[in-house]
Amino acid sequence: MDLSRVSLFERLTDEERKELAGLLSSQKYKEGALVISQDTLGESLFLLDQGSVKVTLRTDKGETKLLNVMGPGSFFGEIALIEEGSTRSASVTTTEPSVLWELNQKDFREFAMANPPVLWKVAQALCVRLRKLGETMAELSFRDVPYRLLKRLGDLADLEKRRAEESGEKGEIVIRNLSSDDLAALVGSDRDTVRRHLERFDDLDLVKIKLVRSGGLFSRPKLELVVQDFTSLKRAPEFINQW
Amino acid sequence: MVRPSALVRRSTKRFWIGVPFFILASVALCWAHERFVSHHLKWPLPPEFYHFFLRKPDQFLGMDSNLLKVGLAVSVVLFFSLVLWMFRQVLELGFIRRMHWAGGVIQDIMQDVLAFLTDRPVRRKWFSNFSEWAVIFFLRSPALVLMYSASNDSLVMPSYPLEPSSAYIFKYLQVALALLIITQTFLPLCGAIIFGTWLYLFKWGPTIAIDAMPVLTVAVVYATSPWMSHRVAITRLNETQVRWVRITLGAGFFFLGWLKIINHNLVVGVAQNYPSITNDPALKAFTLLAGPAGSSHFASIYDLPIHPYELAIWLVSFALAEVICGFMVATGVFTRVWGFFMVAVFTKLMLVDFGWSEIPHIYPIAALMAIVFSNNLTGEFQKIEDLEEAAAREGKKAKQMAIITGTSAAVALLVIIFPLWASTHYSRVKWKFAPPIQQQYQGTQAHEIQQHLTDSSHGDSMVGCVHHH
């Protein structure tokens, strides 16, 4: 796997990345496979090479919230690399057939002990993620739902665009496999509010909404959002308050 | 709305005021161990029953070989349970990795099963709902026992009949306490009353107090509840409460198990009156090593045993089963598995073996269910686990194995074998709650066994009885 795609290791030198790549082991997962289970022991970091995964959190009362959707080049389970004996804070499930690379904590520890600067570079990359987390929290506190929804749709469209480019697909950018509840969880709102704003975005020709039932008559419908204009969608959060 | 800080401060202060007050207020006399379930021996115990527990210097550790075999069987179960516990997270990860092909619903179900078995949180709505119901049931179940005791002229537990001259007052006091519990009013006061009554039981010796130890389980929760308990819905136990409930309940059963070996007449009396309790398949596993002596044909309870030690072996198995269950629950090792097993056993005792007489078993069932369905479970071996995990991460597999197997073996020896060995030093002649030998059976055998036990009690050993068999 090309580790330069992974933001966690982008600061490493080529030699360091090459040596680290030798410690990885790959595994194929089918759609809907559980990669990491919440509350289990964390022993390794996962790098997403192909496909996509979703990160979910389940409360004690059984309520499930979608926290994030990730595409190729993403990583998760990084806490296990540093914090020994920790348990997983969320579950990760594939949303399509995927290929993941696994880096064991023990192997990384030995590698980092032999190459101390690596730890510093990894820590810097983790700080970037921490900062993004802070920004997300600030958005949740200070920004309203339309802004957050547009930002998130832009990120998802980015993900689909990169995937299409890597696989050589041409055509429309379509955000798939998400329900209104999933989108609502991602932006910290409720389903009805999200649907209302999506319809408004449809009227503004930012996205086109389609409802798809993939699991039969009684399955919950999933949204398919066809991005009409990628650039407009990415810049829309700047102007949302004017509409 | 009541401020949480005020609730906690006031409850702690008044708890400690309440305890001595209610100890002093309790002036009733009670004599113990006349239960609703008959404990009287229907047939006398043969001399061999006593021989089984005596010291035998010509045998290993001075213990009867069958006694040692049963102890070893239980120790092996304890050893492997602990080893499996230490490896549970690694085994679980390996299992999850191998099952990722399943996906979807199957994988979800397996996740939940694994989480249940390994005491991890089970994050499902139905589990959460049942957990809340179990806590509600647990916090109110003592009221059922109190009402039942009051209507049968007993103190707190049906085991302790009230002295007639003061029964009137204490029956109504129990009803008053039951009403407080049902309505969840002034729970810290209820906790203090229960705790004070338990301390009072020491007046009749530690055996009575040990017998009543499980009642402390709910007292712990009451004492840590807010004073305005009737205004809040207590549907969850926090981590500390669950821990102390687990420890208290488990320790109670642990000591009760050992008490069964020391004060065996009561257990044998129950078995003779209710032979169905001897037909427990789970106990068979512990008697396997004892060979023919352990293969009890339970119809023989009515007659002379086929093997002289049959009854004693069953008793030890029964007692040690309770010991190991209590130990596992107290230390938080596979709490849900062992707790669930105990719920099944108590339910069987209540519904199949004893019937209405043992309805107070609803209380330990409720306590166990509150623990089993909690998502706040912890264990007492965490420090050992941290050590062995650190050794594993450093690549020191030998050290990891040494920590795990060494700890498990040491615990099994200390918790089962050592106390069992120590029990053979106990002079049963001196135990005041065991009926005198003459009352148990007639004939010349009575005189002979009494003579031997009396002779050996001078040196506080039972060596002289070996040859009687």
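Trainee: What does Arg123(B) form a salt bridge with?

Mentor: Asp60(A). The closest N and O atoms are 3.2 Å apart. Keep in mind that this is a predicted model.

Trainee: And how many salt bridges does the rule find across the interface of chain B and chain A?

Mentor: Three.

Trainee: What about residue pairs in polar contact, how many there?

Mentor: Eight between chain B and chain A, with both residues at pLDDT 80 or more.

Trainee: Which elements of chain B give two or more residues to the side that touches chain A?

Mentor: Helix 4 (88–98), helix 5, helix 6 (125–151) and helix 17 (382–393) of chain B. Helix 4 of chain B provides the largest share, six residues.

Trainee: How many residues are in contact, chain by chain?

Mentor: On chain B, 29 residues, and they touch 26 residues of chain A.

Trainee: What area is buried between the two chains?

Mentor: About 2200 Å². Carbon and sulfur atoms give 46% of that.

Trainee: Which residues in chain B lose the most area to chain A?

Mentor: His100(B), Arg123(B) and Arg393(B). Together they account for 34% of what the chain B side buries.

Trainee: New topic. Gln400(B): buried or exposed?

Mentor: Buried, because its relative accessibility is 6%, and the cut-off for buried is under 20%. Gln400(B) lies in helix 18 of chain B, residues 397–423.

Trainee: What does the side chain of Gln400(B) make a polar contact with?

Mentor: The side chain of Glu388(B), at 3.0 Å.

Trainee: Which residues is Gln400(B) in contact with, leaving aside neighbours within four places in sequence?

Mentor: Phe87(B), Glu388(B), Ala391(B) and Ala392(B).

Trainee: Where does Val337(B) lie?

Mentor: In helix 15 of chain B, residues 335–354.

Notes. Residues numbered from 1 in each chain as written. Chains lettered and ligands numbered in written order. Predicted model: local features only at pLDDT ≥ 70, side-chain atom pairs only at ≥ 80, totals over all residues. Heavy atoms only, no water. Helix = DSSP H or I, 4+ residues; strand = E, 2+ residues; numbered from the N terminus. Contact = heavy atoms within 4.5 Å. Buried area = accessible area lost by both parts, 1.4 Å probe. Salt bridge = Lys/Arg side-chain N within 4 Å of Asp/Glu carboxyl O. Polar contact = N/O pair within 3.5 Å; in protein donor to acceptor, adjacent residues only side chain to side chain. Buried < 20%, exposed > 50% of the residue type's maximum accessible area, 1.4 Å probe, protein only.
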